[in-house]
There are 2 protein chains.
Amino acid sequence: MVESGQHGFDVEEWSVGSEGVDTEHLAHEESVFGLSNGHVGWRGNLDEGDPRGVAGSYLNGVFEEHPMPYAEEGYGYPEHGQSVINVSNGQLIRLLVGDEAFDVRRGTLDSHSRRLDLRAGTLQRDLGWTSPVGTRVRVRSTRIVSFAHRSVAAVRYIVEAIDATEVTIVSELLANEPLPITHEDPRVQELLKEPWEAVHSTAQGAAATLVHRTRKSGLSVAVSMDHRVAHSGRVTPEVATDVDPAGDRARTTVHVALEAGETIEVVKLVGHEWSSTLSTATLRDRAETAVADAFRGGWETIADEQRSRLDEFWECADVRIDGPQRLQQAVRFALFQVFQASVRMELRSVPGKGLTGSGYEGHTFWDFEAFVLPVLTSTLPHAAEQALRWRHSVLDHARDRATQLHLRGAALPWRTIDGREASGYWPASTAAFHINADVAGAVLHYVRATGDEAFEREAGVELLAESARLWMSLGRWDARGGFHLDGVTGPDEYSAIANDNVFTNLSAQLNLRGAAAAARRHPEVAEALSVTADEIAGWEDAAEAMTVPFDAERSIHPQSAGYTDLEIWDFEATSPDQYLLQNHFPYFDLYRKQVVKQADLVLALWFAHEAFTPEQKSRAFSYYEALTVRDSSLSAAAQSVIAAEVGHLDLALDYLAEVATLDLDDLHGNTGEGLHVAALAGVWTAITAGFGGMRDGETGLRFRPRLPAQVHGLEFGVRIHGCILRVEITPASTTYRLASGAPVTITHFDEEVVLEPGHPVTLDTPPLGPPGPRPTQPHGRAPRPAAEAFGRN
Amino acid sequence: MVESGQHGFDVEEWSVGSEGVDTEHLAHEESVFGLSNGHVGWRGNLDEGDPRGVAGSYLNGVFEEHPMPYAEEGYGYPEHGQSVINVSNGQLIRLLVGDEAFDVRRGTLDSHSRRLDLRAGTLQRDLGWTSPVGTRVRVRSTRIVSFAHRSVAAVRYIVEAIDATEVTIVSELLANEPLPITHEDPRVQELLKEPWEAVHSTAQGAAATLVHRTRKSGLSVAVSMDHRVAHSGRVTPEVATDVDPAGDRARTTVHVALEAGETIEVVKLVGHEWSSTLSTATLRDRAETAVADAFRGGWETIADEQRSRLDEFWECADVRIDGPQRLQQAVRFALFQVFQASVRMELRSVPGKGLTGSGYEGHTFWDFEAFVLPVLTSTLPHAAEQALRWRHSVLDHARDRATQLHLRGAALPWRTIDGREASGYWPASTAAFHINADVAGAVLHYVRATGDEAFEREAGVELLAESARLWMSLGRWDARGGFHLDGVTGPDEYSAIANDNVFTNLSAQLNLRGAAAAARRHPEVAEALSVTADEIAGWEDAAEAMTVPFDAERSIHPQSAGYTDLEIWDFEATSPDQYLLQNHFPYFDLYRKQVVKQADLVLALWFAHEAFTPEQKSRAFSYYEALTVRDSSLSAAAQSVIAAEVGHLDLALDYLAEVATLDLDDLHGNTGEGLHVAALAGVWTAITAGFGGMRDGETGLRFRPRLPAQVHGLEFGVRIHGCILRVEITPASTTYRLASGAPVTITHFDEEVVLEPGHPVTLDTPPLGPPGPRPTQPHGRAPRPAAEAFGRN
């Protein structure tokens with residue numbers, strides 16, 4: 001029998017597994033074991049539906065709209081919010097052994113394990129159960145959300161009778177499964193409680209389809225299932241399918257009598273389609289066709305295609321670590337999550353939680369473009385392209401928003417599902433204009449890394465130009481010819497509405513320069529966008545004149561103008577249980593003091609790396625380390641990158657360790673609401689940009705590889721113009737290996753090197769000067785030590 | 001017959017009247033004709049209840065509590081809002097002539113007038129009506145909300161039959177009359193739709209009582225009525241009273257047959273009591289006893305007492321103007337409103353709309369202490385005392401709020417009914433800490449003006465000390481020994497969360513100094529409050545070190561640090577229909593630019609008048625005039641005061657004219673929601689502090705009287721230590737006349753004068769130097785010219 005109360009995953013190179021069923025931490029496991037392809041997302045709920053943490057079956061882009069409540073109204077406040085909702089749940093496979101419903105909490109659970117296979121792209125579950133009346137069965141279920149068949153999820157469910165028994169398998173589609181209630185407003189609760197209206201349902205043979213429509217957002221979803229039943233026994237199973245009168249449940253029942261040792265296998269395929277415009281019949285047909293198409297090759301083909309798509313990804317993306325085994329596992333887990341969050345999205349973005357939970361209401365934020373998209377650009381560029389083309393496809397919403405704000409160009413939404421602004425607190429959303437530069441930066445990086453001229457022409461120039469226009473209308477020229485961005489909020493959410501935020505200004509500067517260069521490269525696109533030569537020159541002038549405040553007295557870049565003069569937060573007087581600070585102190589007090597939630601100036605040191613001298617970076621990093629409380633999962637990776645750059649390799653490893661175990665160990669206690677996709681992307685970034693010292697810039701990729709003592713070797717890959725560059729780092733040297741294509745120029749420390757396919761180059765690591773004393777963090781806010789996170793292995 | 005569609009009041013010295021019934025503007029008239037005594041408020045609804053703009057029967061302090069909705073939650077956000085609700089309406093007197101219900105929209109309204117008598121304290125209505133079947137009656141109703149009987153409102157209702165007819169008069173109490181819906185949240189709508197639960201009702205003879213209780217705030221209200229019926233005819237009226245089963249309506253029906261020329265008179269008295277603690281029986285008994293007590297002297301006594309209480313007020317407070325007659329009317333109307341809003345409040349404050357409407361949800365704000373209370377201190381000091389003692393009585397709420405914000409002392413609520421914070425937008429409430437200094441300033445002024453040592457000991461020292469503690473915990477010491485208040489919001493609501501707001505810092509400085517002096521004067525109180533000598537010294541140090549930013553380059557005090565460097569709002573590009581700016585532009589943009597909603601630095605020039613040189617005042621006034629759009633009713637009076645001080649007397653008169661006609665002419669289009677009490681107080685202030693040049697300070701009252709060309713003489717009075725000082729200004733000289741008491745030292749321009757009772761002193765007005773060019777306002781935002789507001793009379 002398996003003990004309950006265990007918690008934690010084993011450490012394997014290519015998988016993440018757990019034993020037993022820990023009913024206290026089901027939600028955490030459901031997020032970690034969630035499967036997705038960027039279009040369909042299934043949380044790792046148990047097949048039989050209960051017990052559950054949070055039921056989750058999502059389609060990227062499907063949401064319900066609801067009123068936004070304000071205690072006091074204000075001009076430009078978004079009127080409508082958006083919340084992800086569950087689509088019809090196709091995961092459900094209920095099991096009766098004799099007349100006993102299988103439930104891990106009943107009878108005796110003789111064994112139970114689940115394993116997420118990072119190469120197979122499957123979630124496998126194996127269990128042995130003795131029913132309350134003593135009948136024993138074994139169950140193996142294997143779940144796939146298909147990378148090859150975009151709308152299809154699949155389950156192979158095998159029951160083996162240890163004792164002779166009758167077995168009933170009830171496979172369902174179930175609509176209107178509620179999400180956790182996070183809204184206080186009863187109007188919103190009412191809308192989200194049962195968001196779906198049934199508009200169509202059919203059952204035929206072992207197949208059924210449900211079509212539903214939301215009440216407000218006007219989206220329709222068709223979910224279709226079909227089954228193949230196989231058996232090893234003498235008795236042929238009976239199969240019947242029905243739909244309930246309300247159209248909210250379809251059910252295929254498979255009944256069979258098994259002798260001891262006989263098995264029954266059900267393969268279930270579920271197809272998902274949604275649209276705001278297609279007819280019910282078309283949606284239904286598409287979902288059913290997708291299922292039929294996927295069934296053509298059978299289960300083995302689906303599984304083979306799944307593995308083969310992953311092989312292709314790992315060929316470039318795999319990171320190999322000669323060091324802590326748990327770090328090896330964590331980085332592969334992280335890359336797998338980034339991959340499955342995005343591989344089959346089309347004209348969509350990745351929500352903050354991917355498709356692994358309903359946290360943040362399923363919204364996408366700036367951190368996708370800032371932290372996740374660069375990983376995609378380097379390892380899965382077609383997904384990066386899709387996400388950027390989605391931004392382009394909803395530019396009209398952003399242009400409307402800019403007009404509403406009396407600005408020009410486009411003002412991208414701070415949080416959204418469909419491209420319209422859905423933020424309810426303007427100082428940390430509307431004012432956080434850096435989102436526009438973050439997206440622009442992602443465009444510039446994508447174009448440099450891929451050379452995708454078609455994308456630049458069709459979408460990139462316009463994204464860059466519309467954001468450049470925004471900056472021009474936002475900015476102010478002073479009497480001395482300086483350009484300022486006043487009253488904006490940077491990445492750090494413990495500051496707001498400040499003048500000349502360094503991160504924002506430098507990012508806007510890159511945006512303006514990039515827009516000018518792109519417009520010059522594509523004069524016909526510029527003309528179509530009414531971008532004149534004068535306008536381009538204006539962008540360049542503003543970029544040149546961009547103000548970057550510097551506190552000469554302290555020789556530190558302030559986060560924003562005057563920041564370093566503010567009172568420093570009283571960290572000594574802040575107790576450990578007062579973090580997250582935002583849950584225990586008013587914004588009023590946080591905003592007026594020096595206390596940093598997440599890397600802001602330190603993020604500028606990374607994103608605008610050419611704007612600072614090494615000495616400035618080193619001083620600034622130490623200064624902001626003492627202020628940064630890391631109340632956001634977005635911070636540790638950025639801190640790791642700069643810690644490595646300024647020579648604090650042990651500290652960099654600690655930050656990496658923290659971000660690498662954030663979701664696996666549920667360090668923030670909220671992984672149950674979904675994985676922190678941007679933090680997971682940060683694992684890769686801390687390795688490549690941190691220990692690899694990789695930086696992207698107009699002159700190409702630069703590397704300054706250095707390993708901490710605990711890591712003896714490190715290997716990673718990036719795609720450059722479609723070719724794979726593998727970087728193999730040892731303490732003493734680094735080997736660069738270009739797989740194919742045209743020669744590529746990179747910079748190793750300060751040395752320019754031309755790489756040719758088939759001619760690896762090995763270069764020495766220059767000695768590291770003394771990094772000075774290890775920077776200190778606020779009282780009690782040092783990162784989790786790597787030794788603790790990774791164990792002593 | 002009276003034409004409908006007329007709008008506007010006549011111009012009389014001691015009254016405000018209107019002819020006809022303008023159904024389009026009923027709400028405006030209801031506010032202007034509202035009666036109150038600071039405890040009970042009745043809007044000027046028609047006796048018969050319909051047509052109506054907004055039904056209004058209020059008790060100061062009676063509200064319902066409701067949830068506060070937030071799109072995104074934050075620490076320290078108030079969870080509960082408060083909304084004034086109607087108490088049982090005792091105004092209602094329905095009339096049937098024959099079987100025809102009287103309604104001004106039916107039959108023929110032969111004549112109709114209403115008049116608010118500013119000396120009698122009555123609202124009188126006279127009308128002639130011919131019913132649809134041709135029966136003619138005259139009706140005179142006189143309404144009083146008693147100054148002598150705090151809980152009592154009274155109506156004398158006389159019907160004269162021109163033609164013989166039967167007359168039925170139905171006098172009612174009616175509970176659960178809804179307010180206009182201003183909340184979007186259905187939870188709040190539900191609570192406020194029918195906020196009252198009936199807990200008791202009785203009817204006996206011509207009397208009835210209803211007792212109701214709120215569902216959430218736990219307040220009970222008893223409203224009781226009784227009637228005396230008199231008649232001139234032969235037939236004795238039948239009188240009967242009943243209560244409906246739900247307990248929401250009581251009704252006394254008087255029926256009589258009148259010959260032509262006969263009359264029937266009903267005097268109705270309504271008593272109002274409320275409590276959060278008293279039993280139903282006690283409340284009921286108090287309401288009934290109040291009615292019985294008031295009936296003892298009969299109608300004439302009630303009316304005599306009313307006039308006599310007003311006579312007493314006018315003896316000191318009356319302002320006489322040899323100038324525009326409409327200004328004369330307006331200033332008396334304004335003073336009457338300030339008087340009736342506060343005269344009988346006990347341990348209560350005055351809501352922003354007084355008891356004339358439900359605007360601002362019945363909340364009281366900083367502008368009461370900043371603008372209204374000084375008028376009371378000078379003309380009705382016991383009311384000022386009650387309001388300040390109310391602040392003292394709810395200090396525990398403010399201490400709790402300070403604790404919640406991790407501050408010391410007390411943090412007064414930005415908007416409230418019962419003393420708890422009820423603001424839903426922190427940048428313009430929590431951050432607007434100046435409310436604490438505004439109340440402290442009112443305490444200091446009250447004590448100086450009255451010498452009320454008992455108040456200072458019992459309440460004043462604690463109010464001052466707790467706010468001084470707040471400033472100490474809010475402030476920051478810089479390395480050079482300067483004291484700063486960072487991240488606060490000043491009076492101007494088009495700026496927020498700025499450092500070292502000059503108004504706030506100077507007001508806090510006065511607060512700290514006043515607290516220190518008061519604590520030294522009352523060592524035993526200080527000890528009881530644990531105020532040590534060190535703490536007092538700390539207050540004085542902080543006051544001394546208080547930072548007052550100055551823009552040396554422009555020789556201007558910035559509103560806050562760095563303000564004058566911000567971009568200036570593009571007024572030329574702002575069209576007239578884009579005001580109020582807050583309804584057409586996001587806070588984000590308003591906050592980061594130089595655009596002033598309401599006097600802020602200019603208010604500092606007045607409130608902290610000793611901190612600026614005349615040259616600084618003059619320059620600052622001109623500078624901020626060009627930025628001030630006056631989107632708040634609180635601004636014009638302050639601008640008038642400083643315009644007069646810096647010599648722009650015509651401009652000062654224009655601002656006075658605007659504020660004087662704001663409610664009478666409904667300039668903001670929202671007087672129907674209630675009068676702007678602080679603006680009305682500003683009429684007196686613009687006259688006394690503006691043209692009188694009156695300033696209060698530690699060295700006593702100072703005067704610098706100067707009249708604009710259109711005003712040939714001006715006389716006003718203030719109370720000093722219980723004695724009346726009358727100031728009579730002509731263009732050439734000013735006469736100061738002390739009625740009684742000990743000698744008083746005042747300053748006339750720069751000359752100190754000792755005044756003795758019975759010995760008026762006349763002093764010359766020194767010549768006025770050239771004031772320079774008239775300051776200009778933003779495009780289209782110049783004040784209403786006096787000639788337009790007052791007519792050419």
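## Relation of the two chains

Copies are superposed by least squares on the C-alpha atoms of residues with pLDDT of at least 70 in both. In this predicted model, chain A is brought onto chain B by a rotation of 180° with 0.0 Å of shift along the axis, at an RMSD of 0.1 Å. This is the relation of a two-fold axis. Both copies use the same surface, and 100% of the contact residues of chain A recur in chain B.

## Contact between chain A and chain B

The contact pairs 36 residues of chain A with 36 residues of chain B. On the chain A side, the elements that give two or more residues are α2 (186–193) and α14 (587–591) of chain A. Of the elements, α14(A) gives the most, with four residues.

Sorted by class, the side of chain A that touches chain B holds 17 nonpolar, 10 polar and nine charged residues.

## Domains within chain A

Chain A is assigned two stretches of structure: domain 1 (15–312) and domain 2, which is made up of 318–733 + 770–790. The centres of domain 1 and domain 2 of chain A, taken over C-alpha atoms, are 35 Å apart.

## Contact between the domains

Domain 1 of chain A puts 33 residues into the contact, and domain 2 of chain A puts in 37 residues. On the domain 1 side, α1 (26–32), β2 (35–36) and β6 (80–84) of chain A supply at least two residues each. The side of domain 1 of chain A that touches domain 2 of chain A comprises 15 nonpolar, 16 polar and two charged residues.

Note on methods:
Residues numbered from 1 in each chain as written. Chains lettered and ligands numbered in written order. Predicted model: local features only at pLDDT ≥ 70, side-chain atom pairs only at ≥ 80, totals over all residues. Contact = placed C-beta atoms within 7 Å. Nonpolar A, V, L, I, M, F, W, Y, C, P; charged D, E, K, R; others polar. Domains from an automatic or database assignment.
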